[in-house]
Structures are given as C-alpha cells and as structure tokens.
Amino acid sequence: MKVSLSWLREYIPIDLDPQEISDRLTMAGLEVDGVESLYDYLDNVIVAQVVQARQHPNADKLTCCAVDIGKGELSPIVCGAPNVREGMYVACALPGAVLPGDFKIKKSKLRGEPSHGMLCSAAELMLADDASGIMDLDGEFVTGTPLESALKLDDAVFEIDLTPNRPDCLSLIGVAREIGAFTDPQNKVTLPDVTFPEAQMDSRSLHDFVTVEIEDPQLCPRYTAGMLFDVTVGPSPLWLKQRLEAVGLFSVNNVVDVTNFVMMETGQPLHAFDYDNIAKNKIIVRTAGKPGDAPLEFTTLDSKVHKLDPEMLMICDGEKPVGIAGVMGGENSEITDATTRVLVESAYFNPVSIRRTAKRTGISSDASHRFERGVDPEGTMFALKRAVVLMAQLCSATIAKDIIDENPIKAQPVTIDMSPDALNVRLGTTFSADEMAQILTSVAFDVEKKMDKEGESLLRVHVPSFRVDVTRPEDLSEEVARLWGYNKIETSYPLVKAEGRPLAGRLVLRSKIRQAMTGFGFCEAINYNFIRKDACERMGIEAPDKRTRMVEILNPISDQMSVLRTSIVPGLLESMARNTAQQVDTLRLFEIGKTFIETAPGEQPEEAEVVGGLITGCRWEQTWYSKKEAVDFFDLKGVVQGLLDTLQISDVVYERTDAETCPYFEAGYGARVVKDGLVLGTLGKIASDVGTAFGLKQDAYLFDLDMDRFEKVVPQAVQAVGLPKFPSISRDMTFIVSKRVEVGAMMDTISTFAQTQALIENYFLFDVFEGRNIGEDKKSLSFRIVYRSASKTLTEKNIKKIHDQLSQKLINDFNAGLPG
C-alpha cells in the first residue's frame, strides 16, 4: 500500500518528519518498508536565471540563452519557448537529469549552437498542466538552488506492508486516522464534503432509469448506486493524475480515475458502468448459475475471457452479466469516450465469496484485494457520494436525483465490554480506565464507563464499522498495546524456571547425519514423495517385492507424480539426470525422507524413514597437479563408513547382496551393511540398464540406509579411555586367495581371533592386487595387524606366536596361499 504524504495532509494536519512518521507507523503495527521522495526526478533540476537571450541564427523559433546556473559562469542553452526573456528565473534541467518519460538531458548542439541543459515547462516537470512555455518563477531566488528546495516540494511516499487484519488502512483516510493518534495534540480526520452541488442537480430521478435486485443477500448485503447525465469523458486534470501516480496507479480517463481515487481515499472499491449498455434498465446481483450448470464465459475489462463457476457472484443487467462482483467489470459495459450517462456502483460483498472468485478466476485486482479482507459495510454511501460529486465536477455532468440503497441485511454494530484490570494483567501494565479510553478514542472508538454486576468498573467500547478486525476484548488489548507502544511494555519473566526437554532422538540423529554428509561435500536434495507409477519397473523390482505395493494418488499433479514412493532411489536418480542434463557431471547428493508401502486399500500406508546418497563423476576437481579420476564403489563405501564412524557405529560388515534384493545394482557391485546381524541398508553401483531407463549417461553409485534400524544401533553413550603409554608394533601379512573370497569374511575371522587376544589393538586391509602373476581367478590381500600392551613395551618375541597363529588360521579357513 503506497501512501502520499501531501495527500494525507488533505485529511489531517501533519508536521512530523517523514522518517518519524515511518517509525511511528511501524511501531503501531503498520510496517513501513520504505520511504521515497515523490520528486526524486528533480535531483538535477535547479533554479537558474536567463542573463542573455538572442535569436538563434539558424532557426526562427529558437532562442539562444546564456543562463546563470550558480557556478560562476554562464551556461549556453537553446530554448524553443515563446515566453523566454532576459532576467526571468526558470527551472533548468542540467545534463544528467532524467525527466518524466525517461527523457535524459545531455550536452548537445541544436542547429549548430551548443545547448548544455534544458529550460523546462511546468508540464514537462509534472508540476502543472501548463505546457505553453517555460516556468516563470515569481520572486527572488538564489541561482543553483535545487528546484525541489526552492519551491518547497517535500512530498514523500510511504510503502506500507499491511497485515491482512487491517483492511481499514488500505485507504488514505485509514492511515491518516492512525497518524492522528500519535500527533500532539491528537488530531481527528477531516472528511471531504460529499454534499451534492445544487447547481449540478438534475430534475430526473434515478429510480426512473434503473432498478436494483439482490437475489442473494448473503453474498451482497448492501448495494448502492448513483447516476450522472451529460458526462464528458476525457483526460483527468494533472492533480488527479499526480495523486494516482504517486500511489502506483495509472490514469485512464476522468471517470475511471475518480473511482480509483475514491477507492484509495476511502478503501471502498467502486465501479462505473456505461448506462447505455445496461439492458432493460436493471441491475441484478446474482450468482452466475445454479449448481450443475455448465460454466459460462465472461470477458473482463482487460479483454481476457474467464470461465464462471455457477456459485460466483455477478453483477448483471436484464439480459447478461456486466461485471464479476467485487473483482472486475466487464468489457461490455466499460466507460468509453462516447459515454454520456454513467451509473456508479458502491457495494458491500461477502469477503469469502470474493476471495474464492478471485482465486478461481486468477484475477487479483485492487478491488478484490480490499473486498476479500473486508471493507466498511457502512462506508458504501459515503464513497458513492464522494465519487458522484467528483465526477460532476471533473466531467461537467449533472447528477440524477435520488440514490439507490438496497440493504436487505443491515450490518450489526459491535459492542465489547472490557475489564481494565484484565487488560492490565494481560499486558503487564498499570493503565487507568481513563487512559485506556483516551487511547481507544484516538482511533475513533466510542468508549463509555460502566459498572458490572459485582460493582467492578468496565469499559463499554463501541467499535467503528470500519474496524472489521475488532470483535473481542483481546483485540482491544492489542489496540491499547500498539498505540501506547509495544516497546514501552516492560519485559517480565515467569516466576518458575522454565526447563527445556531434550530433543527427540530422531531429530538429533537427522542433524548429525546432515552435518556429517555436508562435511563430506554432499548437498542435500529434497525430492517429492510422489513418483512415476513405473518406477519399480524401471528399477527392475518385481512382485512379490513389497516395494511394488504403491499407494496411488487420487488427484495427482501429473502422471510423473501419480504414486507415493516406495524407495528413495528413483528421486536421487532423477535428480542426477536433471543435473547432468545441465552439464553438472560431478555430483554428491544425499536425502533424508520417507517411503510408503501400501498395507490395504484405503488404509494408512506403512511409512519408513530412510537416508540415501549418490555420487557420480570425478573423485576430485581436475587441476594442473592432479589427473582426472572417476569415482568408484570404494568411494561410496568410504562415505558410508565415514558416516558410521561419525555416529560411533562400529563392527559393521559389508556382505554381498543378491539380485533379488537390489536388482538395480550392477552384478558384483552391490553390498549390504550389517551390524550384529541387523541389515542397516545397501550400497552399490547402479546397473547400466537401470541408468538408461532413468536417462543417465554415466556411472552412478548409491546407498540407502534404514533410519529406524540406524537408530537402534547408535550407541546411547560413548566411553572414553586413556591414551596408551606404551608404543605399538605393526606387522603385515599377505595372502593369495580366490576372487570369490570376501574381504569382509576374512575381517570377521580376524575380529573373532582378536577378541581372544588382548594384545591386538587394531587391524585393517591396506592393499589389494590382481594380475597375471598370481592367476586370473586370484587376488592378493594385505592386512596390517597393530599390537600394543597396556603394561609394557612389546618385542618381536611377545607377538610372534600370536601373529603366526592368526596367519595359520586365515590360511586354513580360506584356503589361502602365501606369495612366492
């Protein structure tokens, strides 16, 4: 909502600085987003004096002027105005100025003569209508003074961000009323005179030309109308154009501009019809049809065709719709240059109805913005009279005698009884009843002092009709608090110390996973829970796998989102496809989300939370000192192991997964993560046929882990041990085994053996080799065993027997050989 300071001053005297007004409005609940000067475009326009004026040597209608611009030397300017003369003070736009219409001033030559600026008319500066010559400034001025300062043009425009519960401030009068509450002394708003001028009254009665019928009073409780004859449609005067442009509206013609002006002034939207296009001299307020009727089409003022639902409220004549009530008028009754008789509408419509209509038609107008929030039900007549008076003045029209006021459901006044003691308890203040009454009276509430049955004092507050947001004592408490100043209310603390409770374990787990994954260089993806119905087919998953039991959406957004996902894999693969299509070839994504398995038709599906991750592309960024290397399965496994280590989950093994469980993994490149016999999830390389089905053009590696099982194995506490005092000894052992032997199985054997030997502190695989030298179906595995004693420094003699026993056990259990 834009508000002009000079416009506000028409209703209330304001001597405050614009910034102070901004601060006080914000503290009163009307947040001001910004304040700008209305005359910013005059930045490079100054007061200058014409010192010399001579005829242009090459043009009869041009004058070459020497102009004093206050810099100690005369500036040459060529002028075409007939009234230019020596000695006059003028408005001079210097090079660099940008005048209305994006007209840029620069140094140039006109017919061979230099011109370093422009002498301006009032119309060119949008200060008056006069375009016949340059501005002749009356009085004595100092040359070089900015024109804005010299003429005291100090108008400012406030950009107010209103909350939906304050429709009364969607008007200049409403904002003026708020400002009046914090002026000293408090000022009341002066409303414009809406008395019809006798000299422009017509003898013909409006009732002889039109009748109004309201078929649905619940949707339109009140409809008022006035009429003007002998209307001359044309451009609006400059003052009206300036008022509208200051608040972001554009001039159309004098009739339409008056309706917009009054809407911004009072907050009451109006509409003007060309009376000669109203069939059968009737206005009927009704819905577009009956339930079950086929949608009608209607062309609005913006020449767009809209389909009308039967329950939409319409303004109709005796034959057809002429406007969508409270939203936008129709093209078939708009004001044109040929219009001579105008019917003016001012009505109150049901806010919910207007909101629904605006949403369904996709029309967001200034009128619907106000109606759907609630306008003043008692303000329709005032706004109508104001518009009729202005139209008569600006259009040289006569006013029809009488006004139509159909009001089948009258607005009920709101009266609230408020206890001063209860308000003080609520706010933590010590206001007296008189102080509360004074605060409320400052914004037009009518307050009486009363006594309740117990003899306690109370305030009976009569709420003005324009404050549709105030309906209960708590609303009055808010009024007192905001007008007095929220910042003045002292901070109080509860007498009982508030104790927070620990966060839910799942929230903590999610947070730790996010922190770890982002630390590994991953970005979090957030995909829809809806996927394509053929997702399982593209992944190679077939019945009776429970992931084929998908919950279908009754009204899907599209066929790409027709079922609830049963796996997190499709979303990650589609995210990869979208990124690689945009030439983002290296990706590290993870997602935490839910999957849904159908249990029975119409029943709640089985939900499970999972965390998934995907890597593809290069292992690291290619530079001059490093070669380009693609990620592989072990990069993914390292990420999973790093996540497990972060969560203090130890003794995890990786087992080969079968094709039935994860058919979307490449054969021989899939594994499951197991902890104490509990399968936490899977990881592997996406099969090439699955990648093709999802539009992938490069290898992808993916893991998914079950959060419920994850949570079960995360230790609730971590025990710390002291740092060792004695050094460790490391010994390596290398075996040649069949390629079918799983490293995890050998690690399990080492783990079991280590549990019986206190000296074995750690063990790990540090090298894998495959080649012709050891046989095509063989591989070489090298393990490092770390020994340490808590009581002494170990020697080779202390560990040799244990090391030999472990080596022999691995040879026997896995039919392993030693390198030649």
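Helices (H or I, at least four residues) and strands (E, at least two) are taken as DSSP runs and numbered from the N terminus. The structure is a predicted model, in which local features need pLDDT of at least 70 and side-chain atom pairs count only at pLDDT 80 or more, while totals for chains, interfaces and linings use all residues. Residues are numbered from 1 along each chain as its sequence is written, and side-chain values use heavy atoms, with hydrogens and water left out.

Glu 31, Asp 33, Glu 36, Asp 40, Asp 43, Glu 159 and Asp 161 form a negative surface patch, a patch being made of residues with over 30% relative accessible area and no salt bridge, with like charges joined within 9 Å. Strand S2 (31-37) and strand S12 (156-161) each supply at least two residues of this patch, and the largest share, three residues, comes from S2.

A residue in the loop between helix H3 (147-150) and S12, Lys 152, has a positive phi near 55° although it is not a glycine; at 71% relative accessibility, Lys 152 counts as exposed (over 50%, with a 1.4 Å probe and protein chains only). Asp 651, likewise not a glycine, has a positive phi of about 55° and is placed in the loop between helix H16 (633-646) and strand S34 (652-656); its relative accessible area is 56%, and Asp 651 is exposed.

In the loop between helix H14 (535-539) and strand S31 (563-564) lies Pro 544, and the peptide bond that leads from Ala 543 to Pro 544 is cis, with omega near 10°.

How values were computed. Patches are made of residues with over 30% relative accessible area and no salt bridge: like charges are joined within 9 Å, nonpolar side chains (Val, Leu, Ile, Met, Phe, Trp, Tyr) within 5 Å. Accessible areas come from the Shrake-Rupley method with a 1.4 Å probe; for residues, only the protein chains shown count as cover. A salt bridge is a side-chain nitrogen of Lys or Arg within 4 Å of a carboxyl oxygen of Asp or Glu. Lys and Arg count as positive and Asp and Glu as negative; His and the chain ends are not counted. The place of a charge is taken as NZ of Lys, CZ of Arg, CG of Asp or CD of Glu. Buried means under 20% relative accessible area, exposed over 50%, partly exposed in between (1.4 Å probe, protein chains only).
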